[in-house]
Amino acid sequence: MATTIARSDRRVSPVFLGLVAIMAVSAWAVWTDYSASTGFAVFLFVVSGWIVSLCLHEYAHARTALHGGDISIGAKGYLTLNPLKYTHALLSIVLPVLFVIMGGIGLPGGAVFVERGRIQGRWKHSLISAAGPLTNVLFAVALTAPFWLGAMDGVPDPFRYALAFLALLQVTAAILNSLPVPGLDGYGVIEPWLSYKIRRQVAPFAPFGLFAVFGLLWVPEINHVFFDAVDSILRGLGVSDWDTYLGYEFFRFWQGEPELPTGS
């Protein structure tokens, strides 16, 4: 199936490579304390890393759809990892970054337009939707590997905190986007198994699912329960609440850098 895709449609975009370069340079600046503002370097590292993860999230949807039977994916530019090629750049890039800045919440938006009529089999449709959140899970595991492998000795504290906060965003994205809410991937997983009548009734609400979830997270009781669950998962991966808290404080560089605990 993939052999029908032109090489130019599969070539990695310079935009994506530029994002990876920004992530690498800002990571180096955080590690070496080269930047005049460690907080600003953390901000660049987290934002660029978050956008890279969004690109990989959408790429996973696209690649799975391609192998599922939608060969139109290549012509749309989704396989190039270029965020500017996504159907809804606002939902896919701008809003998720704003969500991170406003509340430290990672929540990708739907972006890849899949021609579902080309794909046969409910399991294939479900897998296409599941591929995105699974990518966030893998990204979180990779980011936290130094923690759960016990390899953090000698790692500068700001870099440790930046990694922890970026990992938190991946965990929140994986959980929230897996909810069975119209417009999110979790609903896309179960949608093929619902009756036509139910799908038709739910369809008008899909554009508002993302905003509804984000709005509910501002309810203190819901917010506490959600982040308690996120913190429990991260603790299982070796990341403490203090790590993620300081990562978020460094990220908000415009408020000044936080005071590190004595002995850090």
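Buried here means under 20% relative accessible area, exposed means over 50%, and partly exposed is in between (1.4 Å probe, protein chains only). By that cut-off, 18 of the 21 residues of helix 6 are buried, so this helix is largely enclosed by the rest of the structure. This is a predicted model, where local features need pLDDT of at least 70 and side-chain atom pairs count only at pLDDT 80 or more, while totals for chains, interfaces and linings use all residues. Residues are numbered from 1 along each chain as its sequence is written, and side-chain values use heavy atoms, with hydrogens and water left out. Helices (H or I, at least four residues) are DSSP runs, numbered from the N terminus.

**Helix 6 and its partner, helix 5**

- Helix 6 reaches 30 Å from its first C-alpha to its last, close to the 30 Å expected at 1.5 Å a residue (1.5 Å times one less than the number of residues).
- Helix 5 (residues 122–148) and helix 6 (residues 157–177) have axes that come within 8 Å and cross at roughly 155°; axes are lines fitted to C-alpha atoms over the stretch in contact, and angles run from 0 to 180 degrees between N-to-C directions.
- On the helix 5 side, the contact includes Pro 133, Phe 139 and Phe 147, and helix 6 brings residues including Arg 160, Leu 163 and Gln 170; contact means heavy atoms within 4.5 Å.
- The residues of this helix 5 and helix 6 contact split into 13 nonpolar, four polar and one charged (Ala, Val, Leu, Ile, Met, Phe, Trp, Tyr, Cys and Pro are nonpolar, Asp, Glu, Lys and Arg charged, and the others, Gly among them, polar).

**Helix 3 against helix 11**

- Helix 3 (residues 38–68) packs on helix 11 (residues 241–251) at an angle of about 105°, with the axes 7 Å apart.
- So helix 3 is roughly perpendicular to helix 11.
- Thr 38, Gly 39, Val 42, Phe 43, Val 46 and Val 47 in helix 3 meet Gly 247, Phe 250 and Phe 251 in helix 11.
- That contact comes out as six nonpolar, three polar and no charged residues.

**Single residues to look at**

- Trp 28 sits in helix 2 (residues 14–32) and is partly exposed, at 45% relative accessible area.
- Asp 33, in the loop between helix 2 and helix 3, has a positive phi of about 60° although it is not a glycine.
- Leu 81, in the loop between helix 3 and helix 4 (89–103), has a positive phi too, near 65°, and is buried at 8% relative accessible area.

Notes: Helices (H or I, at least four residues) and strands (E, at least two) are DSSP runs, numbered from the N terminus. Angles under 35 degrees count as roughly parallel, over 145 as roughly antiparallel, 65 to 115 as roughly perpendicular and the rest as oblique.
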